[in-house]
Amino acid sequence: MKLYYAPAACSQAPHIAAREAGLPIELAKVEFPSKRTADGESLYDVNPKGAVPTLKLDDGDVLTENAVLLQYIADRAPDSAIAVPASGAERYHFLEWLNFIATELHKGFGPLWNPATPEEFKQATREALGKKFDYLQERIGDGPYILGDRFSILDAYAFPVLNWTRFHGIDIARWPGLAAYLQRIAARPAVQETLRAEGLV
Ligand SMILES: N[C@@H](CCC(=O)N[C@@H](CS)C(=O)NCC(=O)O)C(=O)O
């Protein structure tokens with residue numbers, strides 16, 4: 001499978017998940033704002049939504065949407081530690097987390113990425129995100145991960161998103177529990193490999 005990604009973007013989530021699952025992954029770096037790869041391929045030709053992550057499967061099929069890619073990757077490695085709970089309340093609480101990260105945390109940053117957003121609205125966005133961070137910190141506690149002892153695709157997704165705080169004038173030190181959580185994830189060998197492959201360390 002081939003992952004269209006941009007360094008430090010939300011595409012880092014499936015990138016980490018694939019490495020954690022031990023699945024081979026080909027990388028295609030997409031330059032912004034041209035949205036082209038180094039060999040001139042347009043992202044729009046692969047994904048008309050023009051967003052990363054985009055995953056081209058070995059049979060040519062294309063999957064988009066982070067929460068879906070993460071489940072796809074976890075399902076490819078059912079015996080790995082990152083497997084998604086198969087059934088029952090555990091599964092629905094897992095999906096509840098995945099949806100929270102996608103729609104509240106990930107998309108909660110949206111206005112901060114938009115250069116047209118007025119500063120006043122950006123400040124309101126930072127405050128709204130702060131409330132979600134309070135909740136997340138409280139729920140993770142000493143973790144070490146969102147599900148407790150088990151690292152999962154939830155952590156693979158929360159990691160790049162929480163790291164965006166450094167681009168948007170939010171001091172993660174206000175949430176010492178989250179700062180420690182990010183350090184624990186960053187220390188994982190597969191995450192270090194991911195950061196190296198994206199040229200970030
Ligand atoms: N709904 C998509 C959104 C993905 C997304 O926000 N991707 C960003 C990078 S983190 C992007 O490619 N933005 C470029 C654009 O939308 O023009 C998902 O969950 O995967």
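This is a predicted model: local features need pLDDT of at least 70, side-chain atom pairs count only at pLDDT 80 or more; totals for chains, interfaces and linings use all residues.

Reader: How many helices and strands does the protein chain have, and in what pattern do they follow one another?

Author: The protein chain has nine helices and five strands. Along the sequence, they follow the pattern β-α-β-β-α-β-β-α-α-α-α-α-α-α. The radius of gyration is 17 Å, close to the 17 Å that the globule rule gives for 201 residues, so the chain is as compact as a globular protein of that length. A box of roughly 45 × 45 × 30 Å along the principal axes holds the C-alpha atoms.

Reader: What share of the residues counts as buried, and what share of the contacts joins residues 24 or more positions apart?

Author: Of the 201 residues, 48% count as buried. Among contacts with a separation of 6 or more, 65% are between residues 24 or more positions apart.

Reader: Which way do β1 and β2 run, and in what sense do β2 and β3 pair?

Author: Strands β1 and β2 (residues 26-31) run parallel and are joined by four bridges. Within this pair, Lys2 is opposite Glu26 of β2. By contrast, β2 and β3 are antiparallel, with two bridges between them. There, Glu31 has Arg36 in β3 as its bridge partner.

Reader: Are the faces of strand β1 covered or open?

Author: Strand β1 (residues 2-5) is covered on both faces. Lys2 and Tyr4 are buried on one side, while Leu3 and Tyr5 are buried on the other.

Reader: How should I read a helix, and how many residues of α1 are buried?

Author: In general, an α-helix has 3.6 residues a turn, so residues three or four places apart point the same way. In helix α1 (residues 12-21), nine of the 10 residues are buried, so the helix is largely enclosed by the rest of the structure. Among these buried residues are His15, Ile16 and Glu20. The buried residues of α1 pack against β1, β2, α3 (66-76), α7 (153-163) and α9 (189-197). Just after α1 comes Gly22, with a positive phi of about 75°.

Reader: Now for single residues. Is Ile101 buried or exposed?

Author: Ile101 belongs to helix α4 (residues 88-106). Its relative accessibility is 0%, so Ile101 counts as buried. Beyond its neighbours within four places in sequence, Ile101 is in contact with His106, Ile146, Leu154, Tyr157 and Ala158.

Reader: Where does Ser152 lie, and which residues does it contact?

Author: Ser152 is in the loop between α6 (119-140) and α7. With 0% relative accessibility, Ser152 also counts as buried. Apart from neighbours within four places in sequence, Ser152 is in contact with Ile82, Phe94 and Leu147.

Reader: What of the backbone: which peptide bonds are cis, and which residues other than glycine have a positive phi?

Author: The bond from Val52 to Pro53 is cis, with omega near 0°; Pro53 is in the loop between α2 (43-46) and β4 (54-56). The bond from Gly143 to Pro144 is cis as well, with omega near 10°, and Pro144 is in the loop between α6 and α7. As for positive phi, Lys35 has a value near 55° and Glu65 a value near 80°. Lys35 is in the loop between β2 and β3 and, at 17% relative accessibility, counts as buried. Glu65 is in the loop between β5 and α3 and is partly exposed, with a relative accessible area of 46%.

Technical notes:
Residues are numbered from 1 along each chain as its sequence is written. Side-chain values use heavy atoms; hydrogens and water are left out. The radius of gyration is taken over C-alpha atoms; the globule rule is 2.2 Å times the number of residues to the power 0.38. Buried means under 20% relative accessible area, exposed over 50%, partly exposed in between (1.4 Å probe, protein chains only). Contact means heavy atoms within 4.5 Å. Two strands pair if DSSP finds at least two bridges between them.
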